[in-house]
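Hello,

Here is the structure I promised to pass on to you. Have a look at it first, and then read my notes below.

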Amino acid sequence: MDIFLQQIVNGLTIGSLYALVALGYTMVYGVMRLINFAHGDLVALSAFVGLTVYTQIFGEGITSLVAVIAVFMFTAAIIAVVGVLLERLAYRPLRTAPRLSAVVSALGAGLVIQNAVMLIWGPNMKIFPSEIFPSTIWEIGGIVVTFTQVMILGISAMLMVTLFFFINRTKMGTAIRAVAIDQDAAKLMGINVNRIIMVIFIIGSALGAVAGLFIGAYYRGITFDMGWMYGLNAFVAAIMGGIGNIPGAMLGGLLLGLFNAMITGYISSQWAETFTFILLIVILVFRPTGILGETVAEKV
Amino acid sequence: MTKMFPKFAASLAVCTALVSASVAADVIKIGVQAPITGQYASEGQSIDNGVRLIVDQFNAKGGILGKKIEVVSCDDQGTAQQAAICAKKLVNEGVKAVIGSYTSGATEAAQTTYFRAGILQTSDGTSDSLITHKYWTFFRNSFPNSAEAEYTAKYFVDGKKYKKIVVLSDYSSYSTDLADSVVKALKAKNGNIIYEGKIKSGTQNFTAALTKIKSMDPDVIYYSGYYTDGGLLRAQQIQLGIKADFVGGDSNDNPDFMKLAGGSAEGTFLINVPTPDILPYDIAKQFLVDYKAKYNMMPASIWSLMNIDGLRAVLNGMETTKSEDTKVIAAAMHKLKDFPGITGPVTFREDGERLGGGYMTYEVQADKSYKIVYK
């Protein structure tokens with residue numbers, strides 16, 4: 001039983017990272033009907049920016065929680081700016097172009113970011129200092145939980161709940177939902193669509209940035225091309241949950257993490273990816289819109 | 001026409017001689033195929049640096065056979081695909097010999113191309129499969145996995161007396177080959193292997209596989225892969241509170257292992273041939289001094305020094321035979337006996353295997369230094 005519970009803890013940790021990244025995919029898709037393939041690379045960029053901010057500005061060895069929070073906020077802000085720039089330069093000029101052009105532009109933007117990271121920080125693996133979070137470990141009835149895991153689970157949950165209420169309870173959230181349903185009608189209601197899209201990119205990129213920093217703090221080793229793997233998994237999570245649907249992305253991420261941990265734990269790690277994609281196909285065959293995705297009538 | 005022909009043939013022969021002389025030119029090219037970028041970059045750069053250092057030293061003394069040596073590097077990124085491209089590129093460059101690559105997989109992918117072109121290749125790849133082709137062009141400058149496996153089995157069964165052994169590898173040809181050899185050697189000594197598993201290199205999250213291992217309560221977790229994953233495995237093992245010893249195969253011996261494992265590095269056991277700083281030979285001490293003076297750091301690990309010994313054996317072959325013909329050089333290298341190398345005496349068997357061994361087990365101390373615990 002402890003093994004099962006331990007696998008749940010393992011799965012939830014990686015799952016909440018996938019969920020944070022998946023939110024970026026799903027929010028952009030919901031509003032713009034565009035798969036932002038550059039999102040995974042923003043996550044990688046954030047890990048590198050975060051490491052530089054941490055070691056250069058604050059100096060290595062600082063463990064105070066205030067400094068760590070400052071690093072997170074500062075990095076998330078930088079990545080949010082990069083996200084907004086990405087939308088301005090790579091997506092806005094193509095907003096009325098065929099959808100395929102925008103997807104190609106997204107893939108290209110991803111390559112640009114990835115190669116820029118390689119040129120700036122070099123092709124070698126960079127390693128996060130181990131003292132970002134205290135190395136406290138709790139053992140509860142045979143289940144091991146680390147401080148970093150608690151931080152990942154807690155902060156991700158907090159961010160997701162905040163996002164949920166922001167989208168569903170605030171005026172801005174209502175505007176975002178309106179733009180997602182019908183951009184033209186939203187414009188007629190006096191909503192500034194460009195501003196809404198900017199907000200979407202700020203939130204999505206910042207959430208991805210937090211995920212990138214957690215990846216660095218938890219796994220320590222970061223490489224310029226790691227965005228692809230996390231991006232792909234998060235993209236699968238977003239599709240599983242129903243792309244365009246915010247609670248769906250959260251659910252998809254957590255499910256994917258849990259599913260992966262269970263397959264690795266009870267079958268074998270060789271099969272984890274195979275089963276993940278079989279699960280994706282099964283979900284898409286029986287629920288093409290994803291687990292929480294609603295069937296929307298095609299506009300004719 | 002009959003009168004013309006000898007003249008024509010003679011002039012043709014002169015032309016050919018001129019052309020080949022101008023092609024052979026006044027440099028001898030030596031290729032480096034190494035992972036200069038990518039996850040094994042620190043090893044690849046160290047090989048490239050070391051080769052350039054030795055070549056500079058030769059050129060300062062007037063080169064070899066009266067010619068300067070030129071180094072042509074190709075980055076194989078540690079992958080088989082890039083290795084195949086590098087092999088073709090270096091063949092086209094007209095190199096006489098290739099030093100590298102670092103990983104067995106990248107070495108194997110390029111081996112046949114060099115063999116067909118008659119170009120000498122010397123690599124530190126330890127996978128036993130590298131010499132199965134018996135190519136006359138190939139020389140292993142390290143010791144094979146089977147030698148390390150026998151040492152490992154002896155240490156586990158006779159030295160540590162482990163009762164429950166877990167063997168982990170990644171999917172690379174080197175790592176699976178070493179793990180298979182270790183399993184075979186352990187079984188021959190009646191060692192009790194309770195689990196054999198694989199992890200996917202670069203996925204970073206090994207907690208699920210480790211949790212499964214935790215339930216088996218092993219005495220030791222042996223990992224045959226590379227330091228980039230080994231360091232994380234060790235960190236996550238300690239994090240999950242798995243009490244077992246962690247023993248890493250030779251490719252875990254890299255400073256980045258310590259950085260990745262962080263505080264968990266202490267108490268890790270690493271099995272390898274002697275580290276560069278404890279090599280007893282004068283030639284090794286001199287090399288390290290020169291290397292440090294030129295690059296202001298130490299070589300990444302013993303592997304670059306093994307490759308340097310491969311290079312030195314090739315250059316020695318050229319000098320002693322006074323020939324640029326790779327067949328002649330290879331024949332001389334096969335006859336080489338106890339050539340004084342940086343990593344110890346170099347002797348090649350007929351199939352290109354380097355004879356010898358001399359493994360040690362190191363325990364990583366709190367200050368990340370090594371203590372020899374078993375020879």
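In chain B, 16 residues of domain 1 are in contact with 16 residues of domain 2. Please keep in mind throughout that this is a predicted model. On the domain 1 side of that contact, H4(B) gives the largest share, with three residues. Sorted by class, this side of domain 1 has four nonpolar, ten polar and two charged residues. To find the two parts on your screen, colour residues 20-143 + 279-335 of chain B for domain 1 and residues 146-272 for domain 2. The C-alpha centres of these two domains of chain B lie 30 Å apart.

Next, the contact between the two chains. Chain A brings 25 residues to it, and chain B brings 27 residues. Which elements of chain A give two or more residues to the side that touches chain B? They are helix H1 (2-32), strand S2 (137-140), strand S3 (143-146) and helix H10 (246-266). H1(A) has the largest share of that side, with five residues. The classes on the chain A side are nine nonpolar, 14 polar and two charged residues.

S2(A) and S3(A) pair in the antiparallel sense, over four bridges. If you want a pair to click on, A:Trp138 stands opposite A:Val145 in S3(A). The two strands form a hairpin with two residues between them, and there A:Gly141 takes a positive phi near 55°.

How far apart should the ends of H5(B), residues 145-159, be? The helix has 15 residues, and at 1.5 Å a residue they should span 21 Å.

Part of H5(B) is buried: the residues are B:Asn145, B:Ala147, B:Glu148, B:Ala149, B:Tyr151, B:Thr152, B:Ala153, B:Tyr155 and B:Phe156. Among the elements of chain B that cover them are strand S6 (165-169), helix H6 (173-188) and strand S8 (220-223). Strands S10 (269-272), S11 (360-364) and S12 (370-374) of chain B are also included in that cover. Just after H5(B) comes B:Lys161, with a positive phi of about 55°.

That brings me to some backbone angles in chain B. Most residues other than glycine have a negative phi, and most peptide bonds are trans.

- B:Leu65 has a positive phi near 55° and is not a glycine. You will find B:Leu65 in the loop between helix H2 (41-60) and strand S2 (68-75) of chain B.
- B:Asn190 is not a glycine either, yet its phi is positive, at about 60°. B:Asn190 belongs to the loop between H6 and strand S7 (193-198) of chain B. With 8 other C-beta atoms within 10 Å, B:Asn190 is exposed.
- The peptide bond from B:Gly100 to B:Ser101 is cis, with omega near 10°. B:Ser101 sits in the loop between strand S3 (97-99) and helix H4 (104-117) of chain B.

Enjoy exploring, and write back with any questions.

Best wishes

Technical notes: Residues are numbered from 1 along each chain as its sequence is written. Chains are lettered from A and ligands numbered from 1 in the order in which they are written. This is a predicted model: local features need pLDDT of at least 70, side-chain atom pairs count only at pLDDT 80 or more; totals for chains, interfaces and linings use all residues. Two residues are in contact if their C-beta atoms, placed from the backbone, lie within 7 Å. Ala, Val, Leu, Ile, Met, Phe, Trp, Tyr, Cys and Pro count as nonpolar, Asp, Glu, Lys and Arg as charged, and the others, Gly among them, as polar. Two strands pair if DSSP finds at least two bridges between them. The expected span of a helix is 1.5 Å times one less than its number of residues. A residue is buried if 20 or more other C-beta atoms lie within 10 Å of its own, exposed if 12 or fewer, and partly exposed in between; C-beta atoms are placed from the backbone. Domain bounds come from an automatic or database domain assignment.
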